[in-house]
Amino acid sequence: MATLHLHSALANPTPFKSTNTQISTRREPPRRRANSVRCGEATQVSGETHRVTVKNGNDSLDICRVLNGMWQTSGGWGRIDRDDAVEAMLRYADAGLSTFDMADHYGPAEDLYGIFINRVRQERPPDYLEKVRGLTKWVPPPVKMTSSFVRDSINVSRKRMDVASLDMLQFHWWDYANTGYLDALKHLTDLKEEGKIKTVALTNFDTERLQIILENEIPVVSNQVQHSIVDMRPQQKMAELCQLTGVKLITYGTVMGGLLSEKFLDTNLNIPFAGPPLNTPSLQKYKRMVDAWGGWSLFQALLQTLKGIATKHGVSIANVAVKYVLDQQAVAGSMVGVRLGLSEHIQDCNAVFSLALDEEDVNSIKEVTKKGKNLLKVIGDCGDEYRR
């Protein structure tokens, strides 16, 4: 199977063709930010709510519960200026949002992290550096998973990110009929034992394969899956196994590329040019998810409900959407995409940590979502959208 861009596979069922992201390489002397804040100090929130530890046996990693997703660096969201992007990463980390999620195929994401982490080493104190996390993914082609192939592939990410040991390596596999994924994971575990990877994790694996992997004594700490108020598939099968085994979920698509926001409230996308344009890969992808779930009218009813809850608590629709998923079983953290150097939502992201949804809020959300289709029956289990 041709290697697809993971997040765009549902939106575009044809093989992904790499987009040459426009990125400037303007160089400027490193700048020290005045009054920089150490991770976690920007909000008066306890570490218990701001950060969480994912673990399996002796392997563990603490991360921020709201992760900065870097898919947006891969093309399709606008021109990226390298220095502006790195400055933006520093601002997120200064505000306590210090966990960055990327992949080997997200354009320059790993390279940007490498520049960023060197700025942190030079310009921030050691205890600040200890809170910064870089999570990456490896999406190999369907070839024989030899020890040397796996090692060489991981070394590319280590070099690009400029780290001796990857904080977390999240592994994706296309075809379950090819059990080479177990070979790859065993080699990744060997690299972990050598200190080249701190934690081994998965992305877009289903419940059946997660159980097989755990039965093979591969110590994965988490599985990154699509999960939102609209897409509750992880809570139907995956979460139960996670609760039994201690494996955590890291979620993406939680704000549906921005669809779960005030911007799309009271809009009618069925009328040409009547609503905001679906002008990014993520908006296009998650609009298809809305269509599969129940359509735009039902989605508007959901946005109206979320707006009422947001107004009640003095937060945004996106805050409610993220907090609802963070409160679900086995969920360690949720991704919010960052358009580095183009737009920022630092204050909005940090508002999630002080938000507490009450029983009335949860029931009102469920009253709307129960009218939607069961996506487990429509699409399949976690990750099946990439293997249909």
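Tutor: Terms first: two strands pair if DSSP finds at least two bridges between them. Helices (H or I, at least four residues) and strands (E, at least two) are DSSP runs, numbered from the N terminus. The model is predicted: local features need pLDDT of at least 70, side-chain atom pairs count only at pLDDT 80 or more, and totals for chains, interfaces and linings use all residues. Residues are numbered from 1 along each chain as its sequence is written, and side-chain values use heavy atoms, with hydrogens and water left out.

Student: Which way do β4 and β6 pair, parallel or antiparallel?
Tutor: Parallel, over two bridges; β6 spans residues 99-101. Asparagine 68 stands opposite phenylalanine 100 there.

Student: And what is the bridge partner of asparagine 68 in β12?
Tutor: Valine 336. β4 and β12 are also parallel, over four bridges.

Student: What do these strands belong to?
Tutor: A closed barrel of eight parallel-paired strands, running β4-β6-β7-β8-β9-β10-β11-β12.

Student: Which way do the β4 residues point?
Tutor: Val66 and Asn68 go one way, Leu67 and Gly69 the other.

Student: New topic. Where is lysine 287, and is it buried or exposed?
Tutor: Lysine 287 is in helix α9, residues 281-293. It is buried, at 14% relative accessible area.

Student: What does lysine 287 touch?
Tutor: Leu259, Leu269, Leu278 and Trp296, leaving out residues up to four places away in sequence. Contact means heavy atoms within 4.5 Å.

Key
Buried < 20%, exposed > 50% of the residue type's maximum accessible area, 1.4 Å probe, protein only.
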